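Welcome, and take a moment to look over the molecule below. We will begin with the surroundings of its ligand and then move on to strands and rings.

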Amino acid sequence: MKNFMKVAVMSAFLVATGGHAAEKKIIRISTTQTDLVLQVAENGRLYQSYLGEKLRHETDLAELSWDVHAASDGSVVPRGWEVYSGSGNEDFFEPAVAITHSDGNPSTWLYYVSSTQQPVEGGVQTDIVLRDDRYPVEVTLHYVAYAAEDVIKTWSEIRHQEKEPISLSAYASTMLYFNRQAYYLTEFSSDWAKEAQMSSQPLLPGKKILDTKLGSRAAMHMHPFFIVGLDRPAEEQQGEVLMGTLGWTGNFRFTFEVDNVGNLRVIPAINPYASVYTLRPGEVFTTPEFIFTLSRQGAGQGSRNLQAWARNYQLKEGKGDRMTLLNNWENTYFDFDQAKLEALMNEAQDLGVDMFLLDDGWFGNKHPRNNDRAGLGDWEVNREKLPGGIRALTGMAQKAGVRFGIWIEPEMVNPKSELFENHPDWAIHYPNRYTYYYRNQLVLDLSNPDVQDYVYGVVDRLLTENPGIAYFKWDCNSPITNIYSPYLKDEQGRLYIDHVRGVYRVMKRVNAKYPDLPMMLCSGGGARCDYEALKYFTEFWCSDDTDPVERLYIQWGFSHFFPAKAMCAHVTSWNKEASVKFRTDVASMCKLGFDIGLKEMTPDELQYCREAVVNWKRLKPAILEGTQYRLVSPYDTHHMAVNYVDSARQNAVLFAYDIYPRYQEKLMAVKLQGLDPDRMYRVEEINLMPGAESSWKAHGRVYSGDYLMKVGLDVFGFRSMQSRVIELTAQ
Ligand code: DGJ
């Protein structure tokens with residue numbers, strides 16, 4: 001053991017120095033608020049020497065250090081803190097990368113080779129090359145630091161030149177270390193109609209893993225993001241938190257490991273479950289991007305960092321406008337025809353929304369899509385329901401004065417479809433076992449390039465033949481079941497990963513040809529909500545649960561990582577105990593839409609909705625483009641409040657909701673945030689039922705921003721499911 005260590009350290013030194021003094025090579029990755037400092041140690045390997053509040057003096061960087069252990073021969077051995085720790089080295093905890101080389105050796109020791117930094121859009125990119133000293137294996141670490149938004153995006157590439165393929169059984173995007181008194185994890189668990197549910201727990205010695213194994217409807221049970229409260233549980237407005245999210249629309253795994261001396265390592269990665277990946281010589285394994293921010297003003301500031309970053313650099317059309325819409329799903333389900341749709345388009349126009357969105361059920365002839373048991377895969381318009389085809393529908397929409405959007409689920413197939421009859425080998429399923437289904441469907445094998453071409457062709461053909469289509473809702477209702485790819489044959493370890501890469505190839509092609517096409521990412525609700533897919537989608541459907549009470553929690557949860565313009569919220573008839581006003585006011589804090597039969601509303605309710613649409617459009621600069629402040633949490637109280645402020649701090653809007661208040665509970669004023677303390681703001685209650693006058697005592701009054709932020713407004717009441725929307729205008 002002793003000799004082995006000596007040899008390793010010695011050879012490391014040779015590799016790292018290559019004749020030059022490589023010690024003290026320091027790499028600084030900085031935003032305006034945060035420093036991540038990496039340093040090459042005497043053994044030639046790369047360690048994290050700092051991650052925290054930005055340091056003022058460059059000269060201090062050389063003073064940073066990390067845990068070292070004296071070996072029995074007197075040499076000093078770092079333990080932990082290696083930036084991309086490989087399997088089989090002297091670190092006793094979870095590695096970033098685990099490789100079995102072509103000769104069967106399971107160890108990988110990576111030594112620093114070189115690094116470069118260059119400006120990129122919004123920040124500075126750092127690329128660092130590491131190499132094994134005994135095997136031709138190379139890892140490149142990439143970091144982009146977005147200075148203004150205080151966000152760092154990081155990913156890695158693994159490649160080799162061994163004679164035979166190597167096997168990867170761990171392939172993290174990165175690794176981050178913390179040395180703090182205590183750690184508290186907030187996770188966002190999920191299920192159908194129960195997305196983004198927040199819960200927190202301390203991280204104690206050992207490992208906590210958040211992961212999914214669903215393949216396609218990947219985030220159905222757990223979302224790919226988390227918060228770690230450092231030293232104390234995460235709070236909204238104070239304290240230091242790490243907020244991280246992985247851009248991967250497939251199986252992911254976050255490992256949080258507290259080691260024997262109380263240090264925490266955070267390892268975001270693709271989940272290696274059933275995915276020992278055979279990497280061929282010359283092939284590059286690119287990990288997903290891990291995006292994180294370290295906020296010292298609580299989760300609120302962390303969210304604002306991520307929301308701004310997403311709009312500026314990641315989300316499709318992040319700076320663009322969004323369309324309000326009327327969807328027909330909850331109104332008609334599969335039961336519609338041309339005449340019914342035409343009437344709905346006219347209703348959409350009357351409501352004042354921008355678009356009519358036709359949902360599931362418009363396709364399939366031999367196996368008509370009249371329920372969820374048939375037709376998926378046959379993207380020909382159903383001639384019985386819609387004899388004029390999509391063309392007739394886009395024409396009708398144009399006549400009604402609204403845009404036309406359409407639902408697709410192109411990655412899936414019902415066994416009862418012509419597609420499956422013709423290409424059974426295009427579906428992921430076992431050749432030799434009973435097939436089990438989720439929602440009566442199978443997932444197409446997107447690891448197969450022919451299937452990729454087919455799926456791309458579905459979208460491309462619809463758009464080429466029907467240039468009037470202005471929007472897609474792209475659904476994905478099944479996890480991968482029966483995990484076997486007829487295409488990959490004896491390389492099944494690649495399935496989960498190559499399938500997701502195939503999905504991206506399709507999305508990329510669609511995006512390249514139709515860069516301006518707005519698209520909604522949907523997955524039986526919000527089971528796809530990650531920042532890689534959102535490069536190709538303008539927004540996502542947060543949940544099929546549109547009960548406004550439940551939505552308050554769901555939207556609160558998602559807002560931690562996504563801007564309001566990415567989050568679709570529709571007014572529906574879920575929870576008719578709640579007024580149409582309450583339902584609409586809840587949907588108005590995100591990207592507003594409707595999915596309700598307008599005929600089921602009273603004339604007053606309909607008029608209310610029309611005015612709410614007008615108000616929402618006027619407030620778009622604050623809600624969609626402005627800054628969001630979460631003020632009162634539904635998790636801590638029986639209420640919720642959030643305000644948005646536009647970039648000029650000229651206009652703002654406060655949404656306040658009473659959920660189920662207790663009898664005579666103590667009601668606190670809501671202190672706004674983000675206003676200009678020295679300006680005067682007129683506050684007006686809007687979104688009132690037709691003919692109603694506001695009875696709110698502050699209605700029409702003028703207050704300073706300072707007063708509104710320090711004293712606040714009494715907006716809560718005692719009655720269940722009530723809401724107030726307050727518009728603030730600087731005078
Ligand atoms: C699941 C989606 O979440 C719904 O909005 C709807 O589009 C259905 N699929 C249609 O099958």
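In this predicted model, the shell around the ligand is made up of six charged, four nonpolar and three polar residues. Which of the 13 residues around the ligand come nearest? They are Asp359, Asp360, Lys473, Asp475 and Asp544.

| Residue | Part of the residue | Distance to a ligand oxygen atom |
|---|---|---|
| Asp359 | N or O atom in the side chain | 2.7 Å |
| Lys473 | N or O atom in the side chain | 2.8 Å |
| Gly525 | polar backbone atom | 3.0 Å |

How much of the ligand does the protein bury? Taken alone, the ligand exposes 290 Å², and 97% of that is buried by the protein.

Now for the strands. An open sheet is formed by three strands, in the order E1-E2-E3, with antiparallel pairing. Why is one side of E1 and of E3 left without a neighbour in the sheet? Strand E1 (26-30) and strand E3 (46-53) stand at the edges and each has a single partner strand, so one side of each has no neighbour there. On average, neighbouring strands of this sheet are turned by 15° against each other, direction ignored.

Looking at one pairing in detail, E1 joins strand E2 (residues 34-40) in the antiparallel sense over five bridges. Ile26 has Gln39 in E2 standing opposite.

Glu684 stands opposite Glu727 in E38.

Finally, let us turn to the aromatic rings. How many aromatic pairs does a search of the whole structure find? The search finds 41. One of them brings together Tyr273 and Tyr496: the ring centres are 6.2 Å apart and the planes lie at 35°, so this pair is tilted. The pair links distant parts of the chain, with the two residues 223 residues apart. Tyr273 sits in the loop between strand E19 (263-270) and strand E20 (277-279), whereas Tyr496 belongs to helix H8 (residues 495-513).

Terms used: Residues numbered from 1 in each chain as written. Predicted model: local features only at pLDDT ≥ 70, side-chain atom pairs only at ≥ 80, totals over all residues. Heavy atoms only, no water. Near = heavy atom within 4 Å. Polar contact = N/O pair within 3.5 Å; in protein donor to acceptor, adjacent residues only side chain to side chain. Areas by Shrake-Rupley, 256 points an atom, 1.4 Å probe, with all protein chains shown as cover. Nonpolar A, V, L, I, M, F, W, Y, C, P; charged D, E, K, R; others polar. Pairing = 2+ DSSP bridges. Helix = DSSP H or I, 4+ residues; strand = E, 2+ residues; numbered from the N terminus. Axes fitted to C-alpha atoms, helices over the stretch in contact; angles between N-to-C directions. Phe/Tyr/Trp six-rings, centres within 6.5 Å; stacked < 30°, edge-to-face > 60°.
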